[in-house]
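Thanks for coming, everyone. Let me put the structure up, and then we'll walk through it.

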Amino acid sequence: MGNAIAVEQIETYLRALTVYPDRRVGGEGNKAATRFFADTYRGFGYDVQEYPFGCLDWVASESRIGINDRVIKGQPEPYSNPFNGRGRLVPASTVSELETADARGQVLLLHGEIARHQLTPKSFPFYSSHGHQRIIRAVEAARPAAVIAATGVDPDMVGAVCPFPLFDDADIGIPNACITEADGGVLKTCAGAQVRLVIESKRISSIAEHVTAFRAVPGAQRIVLSTHIDSYRCSPGAIDNACGVAVLLSAAALLKDYQGHYALEFMPFNGEDNYASPGEMLWLEGNRGCAYGIALGVNLDGVGMRGASDLVSFYDCPLTIENTTRVLMDSHADITEGEPWHQGDHMLYVTLKRPALAVSSSGIQKFLAEFAHTRYDTIGLVDPVRIARMAGFLADLVLSI
């Protein structure tokens with residue numbers, strides 16, 4: 001079925017989704033993308049529902065640390081409040097050092113072991129790390145005027161971003177910025193000295209939308225096809241995850257005359273790369289009482305990468321769905337079975353105890369290490385032919401179940 005979708009049409013979808021610098025929740029690119037999704041589905045004849053929600057947008061320019069006639073440049077961390085002031089530099093490299101630091105009203109430098117990995121947001125709804133929560137509690141208890149984090153690369157959490165933000169969290173009210181590990185090494189030698197810190201940033205109240213498209217069948221169970229439409233800030237997000245949206249749009253075109261036994265739901269989660277996962281939470285709360293109506297959830301994230309194959313993994317699927325899916329995989333080039341993983345939006349279906357499939361790419365680790373969450377995640381990484389094949393695979397799956 002994939003050949004019925006012209007490569008030129010897929011390229012049009014990808015350009016429309018990546019024309020903005022990013023699709024961060026609450027930003028103009030995000031609003032344009034959800035409008036584009038809704039308008040396209042209406043054009044196919046689907047019913048579309050839009051659910052507005054309040055959120056925080058954020059803009060920033062730079063951070064500067066002045067010490068001993070030297071200026072070290074850094075970056076405001078996402079959602080940081082602004083800061084312009086002076087304080088004594090207080091370094092901490094372990095949680096124990098942080099918990100005993102005298103940093104009240106001063107500038108706290110986190111470096112070394114304590115800054116190896118990005119911290120899970122304070123109120124993240126799906127996962128909580130005891131170690132990360134301990135660090136956050138200790139930072140808040142220390143009551144510094146501001147925090148500087150000296151970080152490197154953390155590919156498992158924030159891809160190729162370097163230095164990565166230690167905090168990506170609007171629930172942290174303390175102004176915070178990051179610098180390179182090398183600059184952190186220089187700065188920590190100045191412990192106890194007065195520093196001047198400037199963080200140029202601003203939080204902005206905004207409105208975003210969670211959009212869902214339907215093909216209703218009264219009284220029937222539904223098949224939910226999902227992806228996420230937002231991207232990390234400053235990243236056009238082609239692989240992460242305009243490709244997934246392009247697959248959903250293409251599959252919808254193939255299924256616009258669907259007359260099967262299931263209701264269809266096409267859903268671009270709005271918030272997978274956001275500290276609060278707002279779109280996911282809206283959908284999850286709306287489905288807790290009616291999850292039994294989901295016959296299958298299929299989530300796409302990172303599909304269509306040039307030079308890679310697409311991988312399908314299974315979660316609590318009945319044998320009928322597993323066997324049907326594997327037969328179809330055998331007949332679709334470059335689609336194979338992958339190992340289960342537990343960091344994507346497909347886990348929402350698992351949370352609701354519903355059968356699920358997750359679709360990603362075999363080259364995802366290379367992508368995370370070199371391109372993810374950066375301005376280099378462009379449509380040059382995408383193979384539109386494979387987007388067409390995946391759309392055909394999804395359409396065939398819906399028709400075969």
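Start at Asp-57, which is buried, with a relative accessible area of 9%. Buried here means under 20% relative accessible area, exposed means over 50%, and partly exposed is in between, using a 1.4 Å probe and protein chains only. Before I go on, the ground rules: this is a predicted model, where local features need pLDDT of at least 70, side-chain atom pairs count only at pLDDT 80 or more, and totals for chains, interfaces and linings use all residues. Residues are numbered from 1 along each chain as its sequence is written, and side-chain values use heavy atoms, with hydrogens and water left out.

Back to Asp-57. Asp-57 sits in strand 1, residues 47-67. Helices (H or I, at least four residues) and strands (E, at least two) are DSSP runs, numbered from the N terminus. What does the side chain of Asp-57 make a polar contact with? The side chain of Arg-24, at 2.6 Å. A polar contact is a pair of N or O atoms within 3.5 Å; within protein, one must be able to donate a hydrogen and the other to accept it, and residues adjacent in sequence count only if both atoms are side-chain atoms. Asp-57 also touches other residues, among them Val-25, Lys-202 and Ser-206, leaving out residues up to four places away in sequence. Touching, or contact, means heavy atoms within 4.5 Å.

Now the charges. Side chains of opposite charge can pair when their charged atoms come close. A salt bridge is a side-chain nitrogen of Lys or Arg within 4 Å of a carboxyl oxygen of Asp or Glu. How many salt bridges does the structure hold? There are 19. Asp-22, Arg-24 and Asp-57 are linked in a network of them.

Here are three more pairs. Glu-265 bridges to Arg-222, with the closest N and O atoms 2.4 Å apart. Glu-265 is in strand 9 (residues 263-269) and Arg-222 in strand 8 (residues 222-228), so this pair ties together parts 43 residues apart in sequence.

Next, Asp-102 and Arg-88. Their closest N and O atoms are 3.7 Å apart. Asp-102 lies in the loop between helix 3 (95-100) and strand 4 (107-110), and Arg-88 in strand 3 (residues 83-92), so parts 14 residues apart in sequence are tied together. Asp-102 is exposed, at 54% relative accessible area. Arg-88 is partly exposed, at 27%.

Then Arg-326 with Glu-322, at 2.6 Å between the closest N and O atoms. Both belong to helix 9 (residues 319-331), and being 4 residues apart puts about one helical turn between them. Arg-326 is partly exposed, at 27%, while Glu-322 is buried, at 17%.

On to the nonpolar side. A nonpolar core is a set of buried Ala, Val, Leu, Ile, Met, Phe, Trp, Tyr and Cys residues joined through side-chain atoms within 4.5 Å. The largest core has 64 residues, and those with the most contacts inside it are Phe-37, Tyr-41 and Phe-266. Helix 7 gives the largest share of this core, 13 residues. Phe-266 touches both Phe-37 and Tyr-41, and also residues including Leu-225, Leu-248 and Leu-255. A second, separate core has 23 residues, including Val-95 and Ala-149.

Now helix 1. In helix 1, Ile-10, Tyr-13, Leu-14, Leu-17 and Thr-18 are buried. Seen down the helix 1 axis, its buried residues fall within an arc of 115°, so they line one face. That arc is taken over the directions from the helix axis to the C-beta atoms. These buried residues pack against helix 2 (28-44), helix 7 (238-254) and helix 12 (384-400).

Last, some backbone points. The Cys-162 to Pro-163 peptide bond is cis, with omega near -5°. Pro-163 is in the loop between helix 5 (155-158) and strand 6 (176-180). Another cis bond joins Asp-240 and Asn-241, with omega about 15°. Asn-241 is in helix 7. Tyr-79 is not a glycine, yet its phi is positive, near 70°. Tyr-79 is also buried, at 4% relative accessible area. Arg-143, again not a glycine, has a positive phi of about 55°. Arg-143 is in the loop between helix 4 (130-142) and strand 5 (146-151).
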